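The following exercises concern a single protein chain and are to be worked with the sequence and the model at hand. Each task is followed by a solution in steps.

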Amino acid sequence: MELLAGLGRTLGFSFAAGINLYATVALLGLASRFGWVALPPQYKAFDHDWIIYTAVALYLVEFLADKIPWVDTIWDTLHTFIRPVGGALIAITTLGEASPAVTALTALLGGVVAGSTHVTKAGARAVANTSPEPFSNWLLSLGEDAFVVGLGLIALKYPVAALLVVAVLLGLMALFAAAIIRGFRRRFRRRSPAVSNLAACTLLAVGLGASQALWAQSGPPPQGGTAPGAAAGQPQTPPQEQRPIFRGAANFVRVDVFATKNGVPVDDLTADDFEVAEDGDLQKVETFELVKIQAGGDPISRVEPRTVRESREMAADPRARVFVLFLDTYHVGQGSAVNVRRPLINMLNRLAGPEDMIALMTPDMAASDITFTRRTDKLADLIDRAGFWGQRNELIKKDPIDQMYEQCYPPEPGSGRVTSVVAEEMIQRRREKATLDALEELVFYLGGLREERKGILLVSEGWLLFRPSRALAESSQPRRPGVYVGPDGRITTADPRNYAGADTSRCDQDRMALAGIDNSRRYLDILRVANRSNASFYPIEPRGLVVFDSDMGPNPPPPVNVDFDMLRQRHETLKTAALDTDGIAVMDSNDINAGLQRVVTDLSTYYLLGYSSTNAKADGRYRTIRVRVKRPGIDVRARKGYQAPTVEEVAKRAALAAAAAPAADPEAAAVGRAVASLEGMRAAAVFRLTVNAGWWMPAGEPVKGAPQGAEPALWVLGEVDPKARGGEDWVNGGEADIALTTDSGTTIVRYTVPIPAGTNRFQSRFPRSADDVWLDPGTYVLRVRAKPAGSGIPATDTSRVEVPPAPGTTKLVMGQAAYSRRFGGPNSEELPTADRRFRRTERLVVQASASMAPDAVTAELLDRSGKPLPLPVTTSIVDRDFVRWARAELVLAPLAPGDYLLRIASKRGDEQVVTLAPFRIIP
């Protein structure tokens, strides 16, 4: 017990000395002089007038210095060596008479403990000083003073309790230090796993050594015992570096590995040189391949995907690299856009191989709308023709919302500003939010595209990462919609401040919303998602070597120190994106071509490793992957992890596999294929396109002479989602350019369909009339480019469709199913839709064109397995525009969320043709 009491006092006073050395010494001197508790004789060393007076005087100085922000940090810096030495001296003094070895170990223990608490205190104070208010600093200082006095009194009277308190606090500090070191190691890509536990190992080793020394001082251990902290008769072996470990399972996982030495790719590694671990479990590498990209060649000769779906299937090839060139139009100046144009074109020509897929995206686009291509010449031509695509610091704002902000918050007279401070900050915050929205959507989308690495070539000057701003929120008092007095003195509901097209109530709402955004935290979340999606950022600063961040006009530039901080913040965001996602930042150099060449070289050679994960749980959790190369001196960048499938996802994959496999029952196979087609639906898309083949002008109609039965036709439906990002651009309508070509590329027809204002869809049938070209059997490609009225971004999509041969006048053939929805009762408006997702508050209408009039039409509802459900389905035969439709309508209110089918049976004589129409109910 005496050993524990001595250790408790030694650790307690050393711990307190690291926080406030002078208060600890003064407490020991006063306790010894006034006899507050019975103490060993060595404590009389503190009972001296000059020691007590000096300690109290210096404590009063520290009491005042500790309450002033940044002065406390300077004071802590001066005491970086004083407090650990003081803690060591206090430990030696309270120890008393001992051997030199025990004295040295005790001094080491006291110094380490005092140094640890000093570093913790100084770090906490530095963080608190970043807060603009002083109260947090005062509370921390007062709390530290109370803690030091309280811990000292406990150590004097209850030393064993003090030992427990100190042990718990040291453990928490060690865990905290390990977490910080792990964060720095991830930040700077340090690879030694042992470093992360350095603080904990040091404290533990010193503690065990000191315990052994104190035990040795108190006397020999009992018979048969072993001195704590040492194994009898066994030499101490140094701790070995922990190796990263990998795991395998029933699920096959592919890992792309980029190995370099001094920045040059290494291409002579073998499978035995790699160690792969999943969640710390070593995995067996089953497949190994070195992929070397031979860039260059004539882009025109590359095989181009013919549809959007085909381009995404090509992008899923693990041997094809996938890139997205993201042009941050909101954060690149016009001069920078011109400056980087030629280097970007050169990079595209050097980077892309014949199998690589590249897409172009801007903040105004939805990720689901990007189209991958192998024709880098098309992208290069687009960049070359775009010219001044940068919009940062533009003199005249083209965006109507930016113009509205400028009108709502005009500059003060005599301020010399073209745009007020409030309007300028709102514009910058809105643009930064739009860019981060697009990047977040992009990394999520790329994560679902394929498992292998995806590269995002990010052309941007960086971001300020705005935080919540109370000043912006209080810059003007918002007004809610209400009753106002007009200029003529009459009562009106129109806000008189809404002048010159500026809706100030909308401005106030936007200002409050923009003042509350926290892009700094959101940016880190985006980088975490990028790592989970195995997407790497390659930031490209188009300005090259920059001195000032702000342009000289039209608004007065900020002070030099503020401008420097803004430039540093923008560059820090770009460097962080590259560092945290294993990319390369091209910046701080006027030779942009050389920087982009490093990116090309870095991505030209990589390894594809495959293993079967031993963790077969379908828990949907994120599983970390670590790759290590046994050969020394090799830097490795590899996929950091993947998301395990959930039970539902496993079931969907099984359903897709079952649909692809041949089935004994043809109708069961058709049900499986129909349900599987729902898996390709996008949850959010600005523009959706469907093209259905069917029949028009049934036999007997007096059109174009004497027809020999029905003729094939195509029904085209395009639909805009007004709730999706970018959907607001279509409020004023637009137009759709439709081009129909054969599979070989021969143009059949090209025409334009208007999109009326106030609607969100367009419809067209081809042939439009009997005077149009009639369709022969075969494969056709239909391309649609829909453009909103005004300055919105056009939407494009492509669809391939098979046109069957005409059935003649003796056979009943049904066309593909077309969908509509009703939002009310059976007499409400029927709205055609390209989205097969419905809600329970709607009615579903499905109709299919018939080559001739059926005698009867019946329909039933099926679940996703093909089992009939007892819900009534209303059917009818409708004649409209020389087309006979077999029609079915279903009330969706009784259905739970899930996948279903309508089975529509059309009969004529002994013939029966079944049409399956799958759909999905969403919450």
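**Exercise 1.** Determine whether T362 is buried or exposed, and describe its surroundings.

*Solution.* Step 1: the relative accessibility of T362 is 15%, so the residue counts as buried (buried means under 20% relative accessible area, exposed over 50%, and partly exposed in between, with a 1.4 Å probe and protein chains only). The model is a predicted one, in which local features need pLDDT of at least 70 and side-chain atom pairs count only at pLDDT 80 or more, while totals for chains, interfaces and linings use all residues. Residues are numbered from 1 along each chain as its sequence is written, and side-chain values use heavy atoms, with hydrogens and water left out.

Step 1: T362 is located in the loop that runs between strand 7 (357–361) and helix 12 (376–386). Helices (H or I, at least four residues) and strands (E, at least two) are DSSP runs, numbered from the N terminus.

Step 2: once neighbours within four places in sequence are set aside, the contacts of T362 are F326, L327, T329 and A438 (contact means heavy atoms within 4.5 Å).

**Exercise 2.** Describe the chain as a whole: how many helices and strands does it have, and what share of its residues is buried?

*Solution.* Step 1: the chain contains 21 helices and 32 strands. Step 2: of its 923 residues, 48% are buried. Step 3: when contacts between residues at least 6 apart in sequence are considered, 74% of them join residues at least 24 apart.

**Exercise 3.** Carry out the corresponding analysis for helix 4 and helix 6.

*Solution.* Step 1: helix 4 (residues 71–78) and helix 6 (residues 100–128) have axes that come within 9 Å and cross at roughly 160°. Step 2: helix 4 is thus roughly antiparallel to helix 6. Step 3: the crossing of helix 4 and helix 6 is left-handed. Step 4: from helix 4, D72, T73 and D76 meet H118, K121, A122, R125 and A126 in helix 6. The residues of this contact divide into 2 nonpolar, 2 polar and 4 charged.

**Exercise 4.** Characterise the disulfide formed by C408 and C507.

*Solution.* Step 1: the structure holds 1 disulfide (a pair of cysteine sulfur atoms within 2.5 Å). The sulfur atoms of C408 and C507 are 2.0 Å apart. Step 2: the torsion about their S-S bond is about 70°, so the disulfide is right-handed. Step 3: the bond links distant parts of the chain, with C408 in helix 13 and C507 in helix 16 (residues 504–515), 99 residues apart. Step 4: both C408 and C507 are buried.

**Exercise 5.** Examine the backbone at D279, L465 and P767.

*Solution.* Step 1: most residues other than glycine have a negative phi, and most peptide bonds are trans. Step 2: D279, which is not a glycine, has a positive phi of about 50°. D279 lies in the loop between strand 3 (274–278) and strand 4 (281–283), and its 36% relative accessibility makes it partly exposed.

Step 1: L465 has a positive phi near 55°. L465 belongs to the loop between strand 8 (454–459) and helix 15 (470–473) and, at 9% relative accessibility, counts as buried.

Step 2: the peptide bond from F766 to P767 is cis, with omega near 5°. P767 is in the loop between strand 20 (761–766) and strand 21 (778–788).

Definitions and conventions. Axes are lines fitted to C-alpha atoms, for helices over the stretch in contact, and angles run from 0 to 180 degrees between N-to-C directions. Angles under 35 degrees count as roughly parallel, over 145 as roughly antiparallel, 65 to 115 as roughly perpendicular and the rest as oblique. A crossing is left-handed if the near helix is turned anticlockwise from the far one by less than a right angle, and right-handed if clockwise. Ala, Val, Leu, Ile, Met, Phe, Trp, Tyr, Cys and Pro count as nonpolar, Asp, Glu, Lys and Arg as charged, and the others, Gly among them, as polar.
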